[in-house]
Amino acid sequence: MDQLSQQQIPFFYIIDFEVENIEIFREDELLFSGLMIDFEYIKTPKPRLDLARNFKFKSNLASLEDYEKGFQHIQKHLKEGYSYLANYTCSTEIETNLSAEEIFARAEVKYKVFYPGKFVFFSPETFVETDGNKIKTHPMKGTIDAAVENGAELLRKDPKEQAEHYTVVDLLRNDLSMVSDGVRVDEFQRIDLIKTNKKNLYAMSSEISGTLKPEFRGKVGSIMRTLLPAGSILGAPKKKTLEIILEAENHKRGFYTGVCGYFDGKNLDSCVMIRFIELQDEKMFFKSGGGITHLSKLADEYEEMKNKIYVPIY
């Protein structure tokens, strides 16, 4: 990745959560990869499909009791002081009358990718983007049902959501400081409306920026190696929290909550691979979760995990 970016050769890349599997595609290779991509600066041809069908969607949720096993494991480590925030996720089998290609074609979101036989995702969360020597990251942490009265204000003021968001912003500010100087928080606790097929959600984000250090300029691979795994879908401190997550979760994340991005020859745009459907043996599994702090309540976190099982088709 460093070699390609230093030579200013455009490429698309996918990195899994544990930074064990990395796939890189030059633009000419994308034509033969089967990948379908819809980012702001790169769009592959859309599939020719009948998009008029009514959308049907059902999720076969794990029981609250099953969810609680991992939740309590994380709470134990939080109370013992090994972690301040841990992002706990689950895998839920879903049923829909649409194919993965149709979901890709119909989903309305900032970032979406279909990888034949592996996954389709539709993410609203930017990871890092560059503009010359400037770098920005956009951690997204904290959601609430948009139908709740004064939901946006409640989200900003909720003690648990505040603790979660503040921790992630501080973590990402520290991470960005490893690759850049003059790091600052440009926008704090922005509230965005996310439309879904079930209910609309408010999501809370912040923007952090800096100026790339000379040793990281033009080196996309070195930036990714330093910043990953992404803090917003891991927790803090990173190393110990990763151990806790791997013990608590009953599924392997794989590419879910990894990062993918496009380097256009000059600048980078990348996203966190959330709102993610994994394809396994003709079945679909929706992976979702949320941040757990010592203030978290079991029922609330289970509800948040459920709320994030959606497709932005409406």
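# Close-up views of a predicted model

**Figure 1. Overview of the protein chain.** The secondary structure of the protein chain comprises nine helices and 17 strands. The model shown is predicted. For 314 residues, a compact globule would have a radius of gyration near 20 Å, and the 19 Å of the protein chain agrees with this. Along the principal axes, the C-alpha atoms fill a box of roughly 50 × 50 × 35 Å. The chain has an accessible surface of about 14,200 Å², and carbon and sulfur atoms account for 47% of this surface. Of the 314 residues, 55% count as buried. When contacts between residues at least 6 apart in sequence are taken, 71% of them join residues at least 24 apart.

**Figure 2. The largest nonpolar core and its contacts around Ile-14.** In soluble globular proteins, nonpolar side chains tend to be buried together. In this model, the largest nonpolar core has 54 residues. Phe-12, Ile-14, Phe-39 and Met-224 are the residues with the most contacts inside this core. Helix H6 (residues 159-179) supplies the largest share of the core, six residues. A second, separate core has 31 residues, including Ala-100, Ile-277, Ile-292 and Ile-313. Not counting residues up to four places away in sequence, the residues that Ile-14 touches include Asn-21, Ile-22, Glu-23, Phe-25 and Leu-35. Also among the residues touched by Ile-14 are Tyr-115, Phe-119, Phe-255, Val-259, Cys-260 and Met-273.

**Figure 3. A nonpolar patch on the surface.** Val-19, Ile-22 and Ile-24 form this patch, and together they have about 220 Å² of accessible area. Ile-24 belongs to strand E2 (residues 22-26). The relative accessible area of Ile-24 is 35%, so this residue is partly exposed. Ile-22, a member of the patch, is also among the residues that Ile-14 touches.

**Figure 4. Leu-172 in helix H6.** Leu-172 is found in helix H6, the helix that gives the largest share of the 54-residue core. Leu-172 counts as buried because its relative accessibility is 5%, and the cut-off for buried is under 20%. Leaving out residues up to four places away in sequence, Leu-172 touches Thr-137, Pro-139, Ile-208, Gly-231 and Ser-232. The C-alpha atoms of Leu-172 and His-138 are 8.7 Å apart, while the two residues are 34 residues apart in sequence.

**Figure 5. Helix H9 and the elements around its buried residues.** Helix H9 covers residues 298-307. Its buried residues are Leu-298, Glu-301, Tyr-302, Glu-304, Met-305 and Asn-307. The helices against which these buried residues pack are H3 (64-79) and H6. They also pack against strands E5 (85-96), E10, E12 (201-212) and E17.

Figure 6. Pro-229 lies in the loop between helix H7 (220-227) and strand E13 (235-236). Another cis peptide bond joins Ala-236 and Pro-237, and here omega is about -10°. Pro-237 is in the loop between E13 and helix H8 (238-248).

**Figure 7. Two loop residues with positive phi.** Asn-150 has a phi near 55°, which is positive although the residue is not glycine. Asn-150 is placed in the loop between strand E10 (140-145) and helix H5 (151-157). With a relative accessible area of 57%, Asn-150 is exposed. Asp-281, likewise not a glycine, has a positive phi of about 50°. The loop that holds Asp-281 runs between strand E16 (276-280) and strand E17 (283-292). Asp-281 is exposed because its relative accessible area is 76%, and the cut-off for exposed is over 50%.

**Figure 8. Asn-197 between strands E11 and E12.** Asn-197 is in the loop between strand E11 (180-194) and E12. At 24% relative accessibility, Asn-197 counts as partly exposed. Neighbours within four places in sequence aside, Asn-197 is in contact with Phe-55, Phe-57, Tyr-310, Val-311 and Ile-313. Ile-313 also belongs to the second core of 31 residues. Asn-197 and Glu-23 are 174 residues apart along the chain, and their C-alpha atoms are separated by 31 Å.

Technical notes: Residues are numbered from 1 along each chain as its sequence is written. This is a predicted model: local features need pLDDT of at least 70, side-chain atom pairs count only at pLDDT 80 or more; totals for chains, interfaces and linings use all residues. Side-chain values use heavy atoms; hydrogens and water are left out. Patches are made of residues with over 30% relative accessible area and no salt bridge: like charges are joined within 9 Å, nonpolar side chains (Val, Leu, Ile, Met, Phe, Trp, Tyr) within 5 Å. Accessible areas come from the Shrake-Rupley method with a 1.4 Å probe; for residues, only the protein chains shown count as cover. A salt bridge is a side-chain nitrogen of Lys or Arg within 4 Å of a carboxyl oxygen of Asp or Glu. Helices (H or I, at least four residues) and strands (E, at least two) are DSSP runs, numbered from the N terminus. Buried means under 20% relative accessible area, exposed over 50%, partly exposed in between (1.4 Å probe, protein chains only). The radius of gyration is taken over C-alpha atoms; the globule rule is 2.2 Å times the number of residues to the power 0.38. Contact means heavy atoms within 4.5 Å. A nonpolar core is a set of buried Ala, Val, Leu, Ile, Met, Phe, Trp, Tyr and Cys residues joined through side-chain atoms within 4.5 Å.
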